[in-house]
Amino acid sequence: MVTLRSVIVGAGSYLPERTLTNAELATMVDTTDDWIVQRTGIRERHIAADGELTSDLGIKAARAALADAGLAPHDIDLIVCATSTPDNTFPATAVSIQSGLGITAGFAFDLQAVCSGFVYGLGTVDGLLRTGLAKRALLIGAETFSRILDWTDRTTCVLFGDGAGAVVIEAQEQPGAMTDRGILTTHLRSDGRHKMKLYVDGGPSSTQTVGHLRMEGKEVFKHAVSMITDVIKDAFRATGYTARDLDWFVPHQANRRIIDGSVIKLGLDPAKVIITVDKHGNTSAASIPLALCAGIADGRIKKGDLVMFEAMGGGFTWGASLVRM
Ligand code: UT7
């Protein structure tokens with residue numbers, strides 16, 4: 001039997017030039033390098049330059065992903081940009097990326113699922129490709145969270161950073177076995193009862209302002225590990241794979257303690273976990289493709305590897321996707 005599979009055929013990323021260290025942050029708010037490292041694992045993060053927009057980051061990541069895939073912009077007929085920090089309320093940042101890449105065919109739209117945006121994007125793009133609505137997609141996670149942080153609030157401003165990561169996903173006809181390349185399964189969840197635990201206190205319809213990120217960190221932390229491990233178990237159940245079968249675990253990079261807690265609960269091998277939170281902070285929808293690119297760039301993640309992606313964030317939203325690279 002032949003079936004359509006959505007295969008990741010290229011990946012690329014971009015980080016703004018400027019890094020902001022914990023030591024610098026300690027001169028801005030009442031915090032210390034020790035506190036940030038012990039509670040989160042973060043040592044530094046990248047911050048977009050004045051005038052550098054989310055779409056600028058996304059375009060650079062997309063170009064790198066296209067080069068990695070050996071493809072040209074005109075080979076793409078779908079762009080999905082996962083972001084909570086769009087250039088404007090509308091048009092979608094995805095169409096700015098589309099025009100920046102010189103693409104005039106196909107369609108482009110933004111996807112808003114906060115830190116879960118990239119995993120939601122994998123599920124969405126997979127569905128669109130397998131139903132034939134598009135043939136080859138760019139899925140981009142791009143964020144400038146530095147623009148929505150309250151830089152006087154030490155409980156949030158030390159946690160986030162800017163960046164972008166992108167993958168090219170192509171519909172391929174395949175036998176469709178678990179050993180064939182592609183997105184094997186995706187499991188997405190949300191629960192709006194938690195919407196005020198991590199939110200932005202502004203918006204076009206409510207305040208007509210952009211607003212700042214607000215978070216009950218402890219509450220998010222409390223739910224994170226169980227939500228993450230639940231959807232990962234769903235992915236294992238759907239495919240018959242177990243923790244031992246994974247080549248790599250590429251989690252959303254919010255907090256080292258959340259990642260370590262999930263790894264222990266699932267019985268994963270800590271040597272198979274890609275960690276970038278120390279260097280990038282939490283880049284929301286960009287964190288997973290940035291971590292994926294780091295793992296590919298240093299030769300750890302290779303074609304044919306079985307990789308589990310997971311994320312949890314504002315909403316709450318959460319999800320996991322199991323991919324044969
Ligand atoms: O992308 C998904 C969304 N985000 C997350 O996943 C984040 C989830 N939450 C977390 O990662 C953690 O809850 C935080 C890192 C945000 C906080 O860690 P915590 O261990 O839960 O600390 P806490 O909020 O209980 O605060 C402990 C103490 C408090 O002081 P008191 O009340 O004990 O005197 C805070 O005021 O640490 C204080 N504190 C800080 N101290 C130094 C809070 N932020 C800072 C800071 N520097 N930056």
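**Ground rules.** Since the model is predicted, local features need pLDDT of at least 70 and side-chain atom pairs count only at pLDDT 80 or more, while totals for chains, interfaces and linings use all residues. Residues are numbered from 1 along each chain as its sequence is written, and side-chain values use heavy atoms, with hydrogens and water left out.

**Domains.** For the interface I looked up contacts (heavy atoms within 4.5 Å). I found 51 residues of domain 1 in contact with 48 residues of domain 2.

**Aromatic pairs.** Next I looked up the rings. A pair of aromatic rings is described by the distance of the centres and the angle of the planes. For rings of Phe, Tyr and Trp (its six-membered ring), the centres must lie within 6.5 Å; planes under 30 degrees apart are stacked, over 60 edge-to-face, and the rest tilted. The structure has three such pairs. One of them is Phe107 with Phe109, stacked at 6.3 Å centre to centre with 15° between the planes. I also checked accessibility (buried is under 20% relative accessible area, exposed over 50%, partly exposed in between, with a 1.4 Å probe and protein chains only). Phe107 comes out partly exposed at 31%, and Phe109 is partly exposed at 26%.

Phe118 and Phe309 also pair: their ring centres are 6.3 Å apart and their planes are at 65°, so I logged them as edge-to-face. This pair links distant parts of the chain, with Phe118 in helix H5 (residues 117-130) and Phe309 in strand E12 (residues 306-313), 191 residues apart. Helices (H or I, at least four residues) and strands (E, at least two) are DSSP runs, numbered from the N terminus. Phe118 is buried at 1% relative accessibility, and Phe309 is buried at 0%.

**A charge over a ring.** I noted Arg300 over the face of Trp248, 5.9 Å from the ring centre. The test wants NZ of Lys or CZ of Arg within 6 Å of the ring centre and within 35 degrees of the ring normal.

**Helix H8.** Which residues of H8 (residues 256-266) are buried? I got Ile258, Ile259, Ser262, Val263 and Leu266. They cover an arc of only 135° around the axis, so they sit on the same side of H8. That arc is taken from the directions from the helix axis to the C-beta atoms. Helix H7 (217-239) and strand E11 (248-251) are among the elements covering these buried residues. At the start of H8, a side-chain oxygen of Asn255 comes within 2.7 Å of the backbone nitrogen of Arg257. After H8 comes Gly267, with a positive phi near 70°.

**Single residues.** Thr31 sits in the loop between helix H1 (22-25) and helix H2 (33-40). At 11% relative accessibility, Thr31 is buried. Leaving out residues up to four places away in sequence, Thr31 touches Leu25, Ala26, Ile36 and Val158.

Ala94 is in helix H4 (residues 93-100), and its relative accessible area is 0%, so I put it down as buried. With residues up to four places away in sequence not counted, Ala94 touches Ile79, Cys81, Ala108, Phe109 and Asp110.

Note on methods. Polar contact = N/O pair within 3.5 Å; in protein donor to acceptor, adjacent residues only side chain to side chain.
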